[in-house]
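Visitor: I would like a guided look at this model, please. Could we take it one question at a time?

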There are 2 protein chains.
Amino acid sequence: VADLTERALLDRIRAHTARRLGVAVGIGDDAAVLDGEPAEVVTQDFLVDGVHFRRATTSPEDLGHKALAVSLSDVAAMGAGPVAAVVGLGLPTEDEPSPEEIEALYRGMEALAERSGCTVAGGDISEAPALLLAVAVVGRVPRGGRPVLRSGASPDDVLCVTGALGASAAGLMLIDDPRLGAGLAEAEALRTTHRRPAPRLAAGRALAAGGATAMIDVSDGLALDALRLAVASGVAATIELERLPLAPGVAEVAVAAGREPDLLGATGGEDYELLAAVPEGALPALRVALDVPLTPVGRVERGVPGVRLLRDGVEIRPARLGWEHGAER
Amino acid sequence: VADLTERALLDRIRAHTARRLGVAVGIGDDAAVLDGEPAEVVTQDFLVDGVHFRRATTSPEDLGHKALAVSLSDVAAMGAGPVAAVVGLGLPTEDEPSPEEIEALYRGMEALAERSGCTVAGGDISEAPALLLAVAVVGRVPRGGRPVLRSGASPDDVLCVTGALGASAAGLMLIDDPRLGAGLAEAEALRTTHRRPAPRLAAGRALAAGGATAMIDVSDGLALDALRLAVASGVAATIELERLPLAPGVAEVAVAAGREPDLLGATGGEDYELLAAVPEGALPALRVALDVPLTPVGRVERGVPGVRLLRDGVEIRPARLGWEHGAER
């Protein structure tokens, strides 16, 4: 599907599927939503060696952590809390992981599950052409609450991002080329953020309770995920690059690599922060309620659905907004 | 893990994971069970080209059907009904499926979802080394009911199987070598059963409501799945080969291939029938209640957990009990 973006393909798929009893939100959000009290969310992601990670540079513990983290991040982006993760493990016949490596992988997953209040509740094992983890997570929305969709943003909402940006992309650059971090105090912290992203579960629930109108996790790059939120909400999003909360050390790595720091923060993927649309009046209380910084980075406006990146008021058009299946080939 | 069966590996994994609030059954059954009213089940399976199917001999519609069917079969084996399926689609960069093929795949999935009252509710798309489908399904146990686990079988229960056995294995043999079915009226029906297995959702719920004490779906071969049920229940299982309900045409295909028909029925995988332990007194009413035949094929007894296959009273020890990851290498 070289000529199709993932979104276009999902639109074609959606045309072939119907929503039935018990399901409130189908294809197109971070997670599906099941009716009920409490409402539930279901999400699934898979990670394959050579595409989403490289065994050569990823420890089994880190891999287990990350495989669960990416699904928990989707649950966080709905304002829900995870209950159970069901894991499918695909093992290659060539260079098959040892039982000890597999145990380490589950240890990494379990450590994150424990911190997240979630049970690793199923484990299917099968052969696969490459090491593969498929993780489905069921989460529940707090009683009396509602899931926050991508589609609820209103004109005049402020776009806010949790935590800091660019650390995962910079960390991956440092894993690939350690020289970029020579003498950099934050180098190890950046690599750790890439290897062990922290899903923003508490922040997601606080944003939902505090009035966020739309939310998405920043998995493929802030700019691209902002585009998805804007398109789903039918609004125009503007991101002001000078407001992005770059993680410490990101600017140095970007400069060492000849990249623009703000664009690395705007388009580097795998931050697993949350991007939320928030009514301006709700912002002060939210900034107090969250366990991580919440930074306004832009605004929602009426207009043609899309995203604009401004640098000191001037529109910047990067070659790509983030990582999208099919878009870069 | 050439020296480890899937079960041994799952035991090792289980030692590294803990069950937390809200989860009633973790690793080791057909599906995880979440507390609640109604209780819920969550299952996940993935299918990869070259391992679980071959693109060359599988139409996209059939693949979509089968990917959903294997997860629905797990839901059926818990006595639950499916609510939502969340699908991860992995696309190879080489020989990538066309958008039309992907649409056909979802059409096949949707047709089965519609018949099953289930919503295809999520669709993640990513790159993968080979065409890959990961399908997670959330199901709900009927109100007032309880999920049927693998572990509840009691001595003196009768082992029963729904429908007919061996059709999928025979169908695959015919796909690989059509000459085995020369002149066989049932050849196309056998191939169709392999390509489009029917998850026994109504039968699973009827068995649960009618008193089945343990249940598992026959995915890897009746004998192997009976072993799993017996080990989970801490009982000895005996299967009488002459009682197996072979599908029409299976015996002919087996003979043409130089295989023993009863063993093809006992060890051929992917039948997606249900194997249930049932108190003898419950059997007559169940046979009336089910929408498919229910055939007693053996018995549960006290003793060392395991499975014995008897042919006219004489124990038979086949080279393998079914398809198990790691056991055959």
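**Where the two chains meet**

Guide: Happy to! Between chain A and chain B there are eight salt bridges, and bear in mind as we go that this is a predicted model.

Visitor: Which residue of chain A forms a salt bridge with B:Arg20?

Guide: In general, side chains of opposite charge can pair when their charged atoms come close. For B:Arg20, the closest N and O atoms of the pair are 2.6 Å apart. That is within the 4 Å limit for a salt bridge. The partner is A:Glu110.

Visitor: How many residue pairs are in polar contact between chain A and chain B?

Guide: This count takes in pairs in which both residues have a pLDDT of 80 or more. Between chain A and chain B, the number of such pairs is 20.

Visitor: Which helices of chain A each supply at least two residues of the side that touches chain B?

Guide: Strands E1 (23–25), E2 (32–34), E3 (40–48), E4 (81–91), E5 (119–127) and E6 (132–140) of chain A each supply at least two residues of that side.

Visitor: How many residues on the side of chain A that touches chain B are nonpolar?

Guide: On chain A, 74 residues are in contact with 74 residues of chain B. The residues of this side of chain A include 16 polar and 17 charged ones. The nonpolar residues number 41.

Visitor: How much area do chain A and chain B bury between them?

Guide: The size of an interface is often given as the accessible area lost when the parts come together. Here, 61% of the buried area is on carbon and sulfur atoms. The total for chain A and chain B is about 6,100 Å².

**Symmetry and confidence**

Visitor: What kind of axis relates the two copies?

Guide: Chain A superposes on chain B by a rotation of 180° with 0.0 Å of shift along the axis, at an RMSD of 0.0 Å. The same surface serves both copies, as 100% of the contact residues of chain A recur in chain B. The two copies are therefore related as by a two-fold rotation axis.

Visitor: Over which residues of chain A is the pLDDT below 50?

Guide: The model scores ipTM 0.90 and pTM 0.92. Chain A has an average pLDDT of 92, with 97% of the residues at 70 or above. Where pLDDT is low, the predicted coordinates should not be read in detail. In chain A, the stretch with pLDDT below 50 is residues 325–329.

**Local details**

Visitor: Where does A:Pro38 lie?

Guide: A cis peptide bond, with omega about 5°, joins A:Glu37 and A:Pro38. In chain B, the bond from B:Glu37 to B:Pro38 is also cis, with omega near 5°. As for A:Pro38, its place is the loop between E2 and E3 of chain A.

Visitor: How many residues apart are A:Arg14 and A:Asp11 in helix H1 of chain A?

Guide: The side chains of A:Arg14 and A:Asp11 form a salt bridge, at 2.4 Å from N to O. Their separation in helix H1 is about one turn of the helix. Counted along chain A, that is three residues.

How values were computed. Residues numbered from 1 in each chain as written. Chains lettered and ligands numbered in written order. Heavy atoms only, no water. Least-squares fit on C-alpha atoms with pLDDT ≥ 70 in both. Contact = heavy atoms within 4.5 Å. pLDDT = per-residue confidence, 0-100. Buried area = accessible area lost by both parts, 1.4 Å probe. Polar contact = N/O pair within 3.5 Å; in protein donor to acceptor, adjacent residues only side chain to side chain. Helix = DSSP H or I, 4+ residues; strand = E, 2+ residues; numbered from the N terminus. Nonpolar A, V, L, I, M, F, W, Y, C, P; charged D, E, K, R; others polar.
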